[in-house]
Structures are given as structure tokens and as C-alpha cells.
2 protein chains.
Amino acid sequence: MTDTKKSVIKRRKSADIRKGNLQLILTVAEQRFAEFGYNGTTISSIAEQANLPKSNILYYFKTKEVLYKEVLSQILKIWLVDMEEMTADQHPKEALRQYILLKVRQSKDHSNASRIFASELLHGAPFLKEKLQTDLKVQFISTCQVIREWIAKQWMNPISPEHLLFMIWSSTQAYADYGLQSSILMGKAELDDDDFETGAELITQIVLRGCGIKQL
Amino acid sequence: MTDTKKSVIKRRKSADIRKGNLQLILTVAEQRFAEFGYNGTTISSIAEQANLPKSNILYYFKTKEVLYKEVLSQILKIWLVDMEEMTADQHPKEALRQYILLKVRQSKDHSNASRIFASELLHGAPFLKEKLQTDLKVQFISTCQVIREWIAKQWMNPISPEHLLFMIWSSTQAYADYGLQSSILMGKAELDDDDFETGAELITQIVLRGCGIKQL
DNA sequence: CAACTACCTGACCACAGAGTCAACAAGTTA
DNA sequence: TAACTTGTTGACTCTGTGGTCAGGTAGTTG
């Protein structure tokens with residue numbers, strides 16, 4: 001009994017070490033990459049912030065590139081999930097509102113991930129190009145189709161679904177990407193919850209009205 | 001006569017060397033910084049692309065940082081100019097349309113500059129913070145005031161000028177920042193003139209309708 | 001406890017990249 | 001032409017960084 005228990009405890013403890021360190025490193029790495037970019041981030045700086053020796057980082061991730069890709073890989077998933085929820089049978093009034101809200105929330109809650117993603121795109125998506133051409137593109141085409149059906153049902157004005165999506169993406173994404181700049185301009189240390197809510201609401205209003213979608 | 005002429009020619013030639021090299025370096029540097037970011041860009045790579053020895057770059061720009069700041073400094077100016085043109089006596093219908101058009105054009109014609117600016121903001125504007133707090137903020141506040149006056153005149157719905165500007169900035173800026181991603185999704189090598197026009201028109205329509213600005 | 005595996009880490013290496021410098025070339029002016 | 005300024009460049013230094021490695025320790029299993 002004691003043996004088993006002890007063994008179990010130890011086994012769990014050992015697994016926890018790995019899991020814990022992995023998580024710690026990924027979290028810290030995400031912060032650093034978001035702030036300084038891939039080239040501006042050193043393994044040493046990650047190590048320092050995580051309170052681990054540099055060699056230990058390299059023990060879990062063979063190279064810096066592997067670590068970065070690992071961080072990246074989780075981001076695209078998050079990005080795609082929200083879009084899937086828009087379907088043709090929903091009314092755009094609800095669907096778009098919800099999507100915009102989620103995207104802005106994401107900019108707030110996963111600001112680092114969002115910024116890394118943006119930075120990646122900005123520099124030509126060297127590590128993401130393939131995934132964009134497959135996963136994201138499939139989802140994109142499908143969502144454009146949904147919008148086309150909304151238009152066919154005359155639930156909204158006939159406008160380019162592609163450009164509409166670009167507009168929604170960029171304006172919601174901006175609350176992560178340019179949050180700092182925005183806060184400077186608005187004269188505060190950082191954007192608060194209200195700012196995000198106001199932003200989401202404004203984007204929603206403008207998009208819905210702009211697309212000729214009658215509200216209520 | 002011959003002497004003077006010769007002298008003049010030589011003087012001009014000498015000045016031209018400086019001017020020409022300066023311009024060449026700045027242009028190449030802008031490309032590299034846009035594509036690889038500050039840390040991802042090496043002086044050697046700039047030198048190579050400009051067909052100059054590395055030392056020569058350092059002769060004109062004491063350090064990499066000086067060169068980068070020089071590139072940056074020209075960008076903010078461009079960014080501010082268009083905004084100045086929006087004034088309270090104009091009707092937002094015209095003013096916003098024009099501003100959006102200019103901003104999208106800028107994303108097309110000065111894509112590198114736009115991307116450097118975006119990248120700078122994305123990483124907390126380490127080199128631009130001061131200028132943002134002064135120049136850009138002044139212009140921002142003033143433009144917000146213009147919008148407030150439009151609202152007071154009931155030329156548009158009462159919406160937050162700050163967030164409206166963020167929305168316009170980000171959605172127009174996106175045509176530079178995410179141009180590559182967009183082209184991938186739309187299945188072409190790069191966005192063509194039509195895409196930019198369509199984008200500008202769509203943003204304009206949505207913003208004008210979204211703000212409750214009657215067109216014509 | 002013994003053998004084993006997973007985890008940890010300081011010392012080390014190779015190399016790239018920013019910036020210096022000294023010597024030289026080319027234009028400029030009197 | 002002589003004195004001077006401006007431009008040019010290869011060779012060099014020095015720091016920082018990604019990554020290796022060997023020798024450790026701590027958990028694990030029979």
C-alpha cells in the first residue's frame with residue numbers, strides 16, 4: 001500500500017515536473033516572443049525569466065525554432081475555433097455580433113498569442129505559410145460561403161465576404177496588436193475592460209449597420 | 001568658365017554621391033527592416049543588397065539604430081499628413097471617404113513603411129513611444145474633436161471617436177500588414193489594384209453606413 | 001538495493017554580427 | 001599643384017548567442 005502510494009505519488013510528481021516545466025517555458029516564451037519577436041528573443045532571457053538554467057530550456061526544446069513553432073502551433077487553433085461557429089442558418093445579426101465579441105475578448109485574454117500571430121503575418125509568415133494555405137484557407141472559404149448565403153437570403157447587403165472578413169479580423173485584432181498605442185493615445189497605462197467592451201460594441205454596430213443588417 | 005563649370009559639376013557630383021548613397025541605403029534598409037524586423041536585419045545583408053561594403057553603410061549611419069530611426073522618422077510623418085486633412089467644416093461623408101482611400105493607397109504604395117510602423121507598435125513602440133506621446137497624440141486628439149463636432153452637427157451617429165479611428169486605422173492598415181496573408185487566402189500571388197480599390201470602397205461603405213452618415 | 005531512466009546544469013565551443021580603425025582614393029578649393 | 005575634405009574599404013576586435021556535452025542528481029522499477 002505504502003509502496004504503491006509512494007510510487008504513484010512519485011510517478012505523478014515526475015510527470016508533473018515535465019508538464020510543469022514545459023508549461024512554464026511555453027508561457028514565458030510566449031511573453032518574450034510577443035514582446036521582442038523571434039530574433040529579438042534570446043534563450044537566455046527566457047531562461048532568466050523562467051528561473052531556469054539555459055541548458056534546461058534546451059533540454060525540453062532542442063532548438064529555439066522548435067520552441068517557437070510549438071508556441072505558434074497553439075495559436076492558429078485558437079484563431080480558427082471562433083470562426084467555425086458562424087453557420088448559414090444563424091442570422092448574421094447574432095453570428096457576427098458573437099464572432100466580433102469573441103475576437104475582441106481573444107485580443108484581451110490572449111494578447112501575446114495574438115501579437116505573435118500578427119508579427120508572423122507581418123513578416124511574411126515564414127513559419128506559418130503552409131498552415132495558412134491549408135487550414136486557414138479552408139475555413140476562410142467556408143466562412144465566405146456562409147456570408148454569401150446570408151446575402152442570398154437578403155439578410156444583408158451584397159458585399160465582398162473576403163474583404164468583410166479582413167475588416168473584421170483587422171479591427172478586432174487591433175485591440176491586441178495596437179493596444180499599447182491605443183492606451184497611450186487615450187492617456188492611460190493600459191486599456192481596461194470597458195475599453196474592450198466599448199470597442200467590441202462599436203465594431204459590432206458599425207459592421208451590422210454597414211452591412212445593412214437590421215437589428216431587432 | 002570651364003573651371004567653374006567643372007567645379008560646379010564636381011560639386012554636384014560629390015553631393016550626389018552622398019545623396020544617392022544615402023537614398024540607396026535608406027531604401028534597401030526599409031525593405032529589409034519591413035521583411036525581417038529590426039533584430040532580424042543585419043547590416044551585412046543591407047550592404048549586400050545595396051552592393052556596398054558594410055563599412056560604407058556604417059560610414060553614413062554610425063549605428064544600426066541610427067539607420068533604423070532614420071527610416072522610422074519618415075514614416076510617422078506620412079502617417080500624420082492624411083489625418084490633418086480632416087476638418088470639422090468638411091462633411092464626414094467626403095472627409096472619411098477621402099481619408100480611407102488615402103490610407104489604403106498608402107498601404108499599397110508604402111507597404112514597407114507601413115509594415116515597419118506596425119511592427120514597431122506591435123512590440124511596444126520602443127523607438128517611437130515618445131513621438132507617439134507627442135506628435136501622434138496631438139493629432140489624434142484634434143481629429144477626435146473634429147469627429148465630435150460632426151456628431152454635434154448631427155452629421156453622424158454619436159459613437160466613440162477614439163474607437164472609430166482605431167477601426168479605420170486597423171482596417172486600412174491591414175492591406176499592408178496582412179496583404180500577404182490576404183493574397184494567399186484569395187488564391188493569388190499578391191493583391192492587385194482592384195483588390196485595394198474594392199477594399200477601400202468596402203471599408204468606406206461600411207464606415208459611412210455604420211456611422212449613420214447619409215450618402216449623397 | 002541495483003539498475004535504469006528521466007532530469008539537470010556548468011563549462012565549453014563556434015560563429016555571427018555590430019562597430020572600430022587605419023590606410024587609402026577620390027573629389028574640392030585656393 | 002598642394003592642402004584639404006569627403007568618401008571607401010578590408011582587416012580587426014569584442015560581445016552575445018545558439019547549441020553541445022559530459023558528468024551529475026533525482027526519481028522509478030524490478
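Predicted model: local features only at pLDDT ≥ 70, side-chain atom pairs only at ≥ 80, totals over all residues.
Student: Take A:Lys108. What does A:Lys108 form a salt bridge with?
Tutor: A:Asp193 is the partner. The closest N and O atoms are 3.7 Å apart.

Student: Which helices do A:Lys108 and A:Asp193 lie in?
Tutor: A:Lys108 sits in helix H5 (residues 92-109) of chain A, and A:Asp193 in helix H10 (residues 193-210) of chain A. The pair therefore ties together parts that are 85 residues apart in sequence.

Student: Over to chain B. Which residue pairs with B:Glu201 in a salt bridge?
Tutor: B:Arg97 does, with the closest N and O atoms 3.4 Å apart. The two link distant parts of the chain: B:Glu201 is in helix H10 (residues 193-210) of chain B and B:Arg97 in helix H5 (residues 92-109) of chain B, 104 residues apart.

Student: And their accessibility?
Tutor: B:Glu201 is partly exposed at 33% relative accessibility. B:Arg97 is partly exposed at 29%.

Student: What about B:Glu162 and B:Arg148: how far apart are the closest N and O atoms?
Tutor: They are 2.8 Å apart in that salt bridge. B:Glu162 belongs to helix H8 (residues 161-177) of chain B, B:Arg148 to helix H7 (residues 129-152) of chain B, 14 residues apart.

Student: Is B:Glu162 buried or exposed?
Tutor: Buried, at 18% relative accessible area. B:Arg148 is partly exposed at 34%.

Student: Which residues do salt bridges that share partners join into one network?
Tutor: A:Lys188, A:Asp192 and A:Asp195.

Notes: Residues numbered from 1 in each chain as written. Chains lettered and ligands numbered in written order. Heavy atoms only, no water. Salt bridge = Lys/Arg side-chain N within 4 Å of Asp/Glu carboxyl O. Helix = DSSP H or I, 4+ residues; strand = E, 2+ residues; numbered from the N terminus. Buried < 20%, exposed > 50% of the residue type's maximum accessible area, 1.4 Å probe, protein only.
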